[in-house]
Amino acid sequence: MAQQRVHTGEWPFTCSDCGMRFTESSKLKVHQRVHTGERPFTCSDCGKGFTRSSHLLLHQLVHTAERDFTCSDCGKRFTHSSTLQRHQSVHTRERPFTCSVCGKRFTQSFHLQRHQQVHTREKPFTCSDCGKGFTRSSHLLRHQLVHTAERDFTCSDCGKRFTRSSTLQRHQSVHTRERPFTCSDCGKGFTRSSDLLTHERVHTGERPFTCFECEKGFARSSDLLSHQRVHTGERPFTCLVCGKGFHQSSNLHRHQLVHTGVKPFTCSDCGKGFTQSSNLQRHQQVHFG
């Protein structure tokens, strides 16, 4: 029954704290521990608590499991030979699972199955409110917050509404221009500590978010998510005028200028307007020879 709800889009159990929806009451109960902080499953060896019994069982391997399978390349040890074999593909770059359509290769069968949705365009998870389809249940859950979330926190300056007081407080810095978090390298200020942390990767070169398809690294998780749409074919941003889909909201915004006729980039020499700055730069070569 619960499995059928995944395909029909029925999610009758809703979290009163964040609006997230579930197909089973038991899953909702487990999820609510995120808000309550309840960790009923405790390790008898070290006292660490967990929200799920499966997480506790997995953790206990740290104390009890014999790790007899050792990687000859890096010395890392594993409890199962199958886990060791999968790990070794990191060193050998072996990709035994091949897509029959495009020939792309993967280290795990699960990654191949997910990739194949690019070719089949299969979107088994459908929103019951607007009919939009998704390749993953997690993407459907995230989308459904658009329909279910109550926005009780309103900005007194612009009237914009938010689902959380913390998001409202963060937004209000747009009006106050307060930037308490400063980069020690270049002095640039930020409204959030998380934004400062992300910015500092410009100086350090750190790219902690890696695409499992092509191993390209990104400084921000949002950039990785946007990049992965190149592999999945997902185009969630749709033009209401012509129906064309885009990977990124910025690309949709740029495209819509075609319909509105707005040309924000103007040549200072002849006054000609362009929808993109790159087109203006190319045009200016006419004047500069």
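Predicted model: local features only at pLDDT ≥ 70, side-chain atom pairs only at ≥ 80, totals over all residues.

Me: Why is Cys239 called buried?

Reply: Cys239 has a relative accessibility of 2%. Buried means under 20%, so Cys239 counts as buried.

Me: Where is Cys239 placed, and with which residues is it in contact?

Reply: Cys239 sits in the loop between strand 17 (237-238) and strand 18 (245-246). Leaving aside neighbours within four places in sequence, Cys239 is in contact with Lys244, Leu252, His255, Gln256 and His259. His253 is 14 residues from Cys239 in sequence, with 8.7 Å between their C-alpha atoms.

Me: Why does His255 count as buried?

Reply: The relative accessibility of His255 is 13%. The cut-off for buried is under 20%; therefore His255 counts as buried. His255 belongs to helix 12 (residues 249-260), and it touches Cys239, Cys242, Lys244 and Phe246, not counting residues up to four places away in sequence.

Me: What makes up the largest nonpolar core?

Reply: This core has 6 residues in all: Trp11, Phe125, Cys127, Phe134, Leu140 and Leu141. Such a core is a set of buried residues of nonpolar kinds, joined through side-chain atoms within 4.5 Å. One of the members, Leu141, touches Trp11, Met20 and Arg21, not counting residues up to four places away in sequence.

Me: How many helices and strands does the protein have, and what share of its residues is buried?

Reply: There are 13 helices and 20 strands. Of the 289 residues in the protein, 28% are buried.

Conventions
Residues numbered from 1 in each chain as written. Heavy atoms only, no water. Helix = DSSP H or I, 4+ residues; strand = E, 2+ residues; numbered from the N terminus. Buried < 20%, exposed > 50% of the residue type's maximum accessible area, 1.4 Å probe, protein only. Contact = heavy atoms within 4.5 Å.
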